[in-house]
Amino acid sequence: MKFLDVLAGGAAWPPPLWLMRQAGRYLPEYRAVREKAGDFVSLCLNPELAEEVTLQPIRKFGFDAAILFSDILILPMALGQGLRFAEGEGPRLPPLEDVGLLKPDRAAGIYAPVIETVGRVRQSLPKETALIGFAGGPATVACYMLDGQGGAFCRTKRLAYERPGFVREVLELLTGASVEYLSAQVSAGADCVMLFESWAGIFPPDQFREFVIKPTRIICDELKKRHPGVKIIGFPRLAGLMLGEYARGSGVDAVGLDSVTEIASARAVCPPGMALQGNLDPLLLKLGGQALEEAVKGLMEEVRGYPHILNLGHGITPDVPEAHVKRLVELVRQG
Ligand code: CP3
């Protein structure tokens, strides 16, 4: 599988391609299924419909990898924290006050439908298409659990200084739960997994080491012990100058780059031969035209001869025209 060969450090031309959030609201067929499911969480927990929306972007664009349709917040929900998605506003959880209220022993029963989706998708996917399982990085999931919503994560930031023991407890629980969750996905047929550490960049260096790198290391070590050879992509968004330490110290096999990180700079601080993923600015995919053409050509030149997975620097937005995605695929495939 070309995708897995690149993750293992081999260069491929043209590079493999997929897009973060490739299943989603920019696709009319996604909106139709979501309507049928009622709400977003019900869609994540419905294996038949979740399989369908996972496959939609593969059928339409022929990406090299499918990503399981679910969300990083399904894990805290399975651990017993409330979760709802307010229309047009994003996720809402009751801000966590006490780790003792979480029920790690019951989680697997609640996320079981997600694991079923993994098995179904692997059966349906073409053999040459990789299936990516995922979880949120513990620090990012903790941000949502502690603040109860996205934003500046002010409560999380304050707690990290004032009650670091509490934050550590949350992270330890999430780290263990993430190992079980990801391990179940690999056992069910995921070819590799990705850790979305989307808010890694809000932590200063010492907290970055403790809250981001350390839990990731534990997850990677344990997953590799249970599933020798399994590949893990880490996405420490906005890690800045901490990227090198993350790439060398966290145990991941590849790193996803955000759009503000220069690829040559990333290469200079990552272990030689480590696969990189990214990092087209999602705005370019919305804009299309000359700006997209030039950026894709530039990115392709930049990654030629290196192990690189072409992707965006963050998720595709709902306002992206399908024609622009088609053009991106064309530009990448023609090499
Ligand atoms: O296609 C895919 O990439 C697979 C599925 C996937 C979703 N979310 C589906 C989704 C994945 C991998 C995620 C990851 C995720 N979820 C992250 C990490 C990546 C990132 O974007 O930084 C985060 C932070 C979340 C939490 C989350 N989920 C937020 C903040 C939101 C609201 C913002 C928004 O886009 O609406 C979601 C909702 C969400 N997750 C949607 C989808 C398709 C939209 C739900 C809908 O249909 O209304």
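Residues are numbered from 1 along each chain as its sequence is written, and side-chain values use heavy atoms, with hydrogens and water left out. Because the model is predicted, local features need pLDDT of at least 70 and side-chain atom pairs count only at pLDDT 80 or more, while totals for chains, interfaces and linings use all residues.

Side chains of opposite charge can pair when their charged atoms come close. With a salt bridge taken as a side-chain nitrogen of Lys or Arg within 4 Å of a carboxyl oxygen of Asp or Glu, the count comes to 22 salt bridges. One of these joins glutamate 97 to arginine 155, with 3.1 Å between the closest N and O atoms. This pair links distant parts of the chain, since glutamate 97 belongs to the loop between β3 (90-92) and α6 (104-124) and arginine 155 to helix α8 (residues 154-162), 58 residues apart; here helices (H or I, at least four residues) and strands (E, at least two) are DSSP runs, numbered from the N terminus. Accessibility is classed with a 1.4 Å probe on protein chains only, buried meaning under 20% relative accessible area, exposed over 50% and partly exposed in between. Glutamate 97 counts as exposed because its relative accessibility is 53%, whereas arginine 155, at 16%, counts as buried.

Two further salt bridges lie within helices. Arginine 120 pairs with glutamate 116, the closest N and O atoms being 3.7 Å apart, and the two residues are separated by about one helical turn because they stand four residues apart in helix α6. Arginine 120 is partly exposed at 30% relative accessibility, and glutamate 116 is likewise partly exposed at 42%. In helix α15 (residues 322-333), glutamate 330 and arginine 327 are three residues apart, about one turn of the helix, and their side chains meet in a salt bridge of 2.4 Å, N to O. Glutamate 330 counts as partly exposed at 44% relative accessibility, as does arginine 327 at 27%. Salt bridges also link Glu180, Glu222, Lys225 and Arg226 in a network.

The largest pocket has a volume of about 1,200 Å³. Pockets were located on a 1 Å grid over the protein atoms alone, a pocket being an open set of points where a 1.4 Å probe fits, with protein on both sides within 12 Å along at least five of seven lines, and lining residues having an atom within 4 Å of a point. Grid points are joined across faces, edges and corners, and the volume is the space filled by probe spheres set on the points. The largest pocket is lined by 41 residues, of which Arg21, Arg25, Phe40, Asp71 and Phe85 are the closest to its centre. Two or more lining residues come from each of α2 (28-37), β2 (84-86) and β3, and α2 gives the most, with four residues. The lining divides into 20 nonpolar, eleven polar and ten charged residues, where Ala, Val, Leu, Ile, Met, Phe, Trp, Tyr, Cys and Pro count as nonpolar, Asp, Glu, Lys and Arg as charged, and the others, Gly among them, as polar.

Histidine 308, in strand β9 (residues 308-312), is buried, with a relative accessible area of 2%. With contact meaning heavy atoms within 4.5 Å, and residues up to four places away in sequence not counted, histidine 308 touches Val6, Pro15, Pro16, Ile263, Leu276, Gln277, Gly278 and Val303. The side chain of histidine 308 reaches the backbone oxygen of glycine 278 at 3.0 Å. Serine 183, in helix α9 (residues 164-188), is also buried, at 8%. A polar contact of 2.7 Å joins the side chains of serine 183 and histidine 227, the term denoting a pair of N or O atoms within 3.5 Å in which, within protein, one must be able to donate a hydrogen and the other to accept it, residues adjacent in sequence counting only if both atoms are side-chain atoms.

Most residues other than glycine have a negative phi, and most peptide bonds are trans. Arginine 21, in the loop between α1 and α2, has a positive phi of about 60° and counts as exposed at 54% relative accessibility. Phenylalanine 153 has a positive phi of about 55° but is buried, with a relative accessible area of 1%.
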